[in-house]
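Please open the structure in your viewer and keep the selection tool handy. We will go from stop to stop, with something to select at each one.

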Amino acid sequence: MRDFRYIFVMICGFIAICFSSCSNGTCTNVGEYFVGNDTDKEIAIVYTSKTYFKVRILSNSCTYDTIDTLYTDNHQNKYWRRLTKFYIPPLTPTDSILELIRYEEADEYTCHYDEPYIEVWKIYNLEDTTSIKKGELGKGLYCRDSDIDSFVEVTSTFDIIKHEKAYWTYRLTVTDSLLSLMQKDTSMLRLFPDYYGGE
């Protein structure tokens with residue numbers, strides 16, 4: 001009987017070790033966003049993210065404001081979204097403006113490749129009411145297929161020792177070439193009432 005208990009305890013210990021070594025760990029994905037404005041125009045950038053991401057504002061070179069709104073998706077699910085508006089003056093050197101942090105249970109592979117990407121972001125030329133958007137419906141959020149992507153440099157590093165942290169950087173440089181791709185957008189008159197003298 002004692003031998004049976006000993007074997008039973010050994011089997012249970014072996015199973016526990018297998019499950020603990022194969023289970024997912026906590027992964028931290030950090031995305032840091034940098035923006036530079038090489039033009040003589042005043043630019044605004046609006047980032048929209050779900051509020052379960054932790055967002056830290058890092059900007060020292062531009063002003064910003066943040067608005068939380070309740071959003072209902074196509075399946076009638078409701079959740080909070082955070083809209084952050086940054087105002088980038090003309091000829092602003094590249095600087096870090098925000099950091100997006102996501103904690104989740106993930107295996108090593110997922111942690112390495114799952115970008116902490118902001119859901120939607122849009123660039124506005126405040127001086128002539130034009131804009132361009134990243135995150136159009138029908139396009140993958142992580143795909144490099146929008147017009148903005150050729151102006152964004154993306155890099156990443158991964159903690160290969162602990163397998164628990166991935167760090168991404170997104171560097172956007174606003175140039176005259178990017179401004180030339182923008183389309184007329186009169187909705188920004190309501191989005192930036194202080195700039196356009198609205199209520």
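The tour below begins with confidence, then visits the cores, a hairpin and a loop.

**Before you select anything.** This is a predicted model, in which local features need pLDDT of at least 70 and side-chain atom pairs count only at pLDDT 80 or more, while totals for chains, interfaces and linings use all residues. Residues are numbered from 1 along each chain as its sequence is written, and side-chain values use heavy atoms, with hydrogens and water left out.

**Stop 1: colour by confidence.** pLDDT is the predictor's confidence in each residue, from 0 to 100. Its mean over the protein chain is 76, with 69% of residues at 70 or more. Select helix H1 (residues 2-22), where confidence is lowest at a mean of 49, then helix H3 (residues 176-179), where it is highest at 96. Within residues 14-23 the pLDDT is below 50, and this stretch has zero contacts in the model beyond near neighbours in sequence; a contact means heavy atoms within 4.5 Å. Helices (H or I, at least four residues) and strands (E, at least two) are DSSP runs, numbered from the N terminus. Where pLDDT is low, the predicted coordinates should not be read in detail.

**Stop 2: the largest nonpolar core.** Such a core is a set of buried Ala, Val, Leu, Ile, Met, Phe, Trp, Tyr and Cys residues joined through side-chain atoms within 4.5 Å. Buried means under 20% relative accessible area (1.4 Å probe, protein chains only). This core has 30 residues, and among those touching the most other members are Tyr 33, Ile 97 and Trp 121. Strand S10 (165-174) is one of the elements that supply at least two residues; S10 gives the most, with five. A second, separate core has eight residues, including Ala 44 and Phe 192.

Stop 3: Why is S7 largely enclosed by the rest of the structure? Five of its six residues are buried, so the rest of the structure largely encloses S7. S7 runs antiparallel to strand S8 (residues 130-134), and five bridges join the two. Select Asn 125 to find its bridge partner in S8, Thr 130. Four residues lie between the strands of this hairpin, and Thr 129 in the turn has a positive phi of about 45 degrees.

**Stop 4: Asp 147.** Select Asp 147 in the loop between S8 and S9. Asp 147 and Leu 178 are 31 residues apart in sequence, with 8.2 Å between their C-alpha atoms. Beyond four places in sequence, Asp 147 touches Ile 132 and Leu 181.

Key:
Buried < 20%, exposed > 50% of the residue type's maximum accessible area, 1.4 Å probe, protein only. Pairing = 2+ DSSP bridges.
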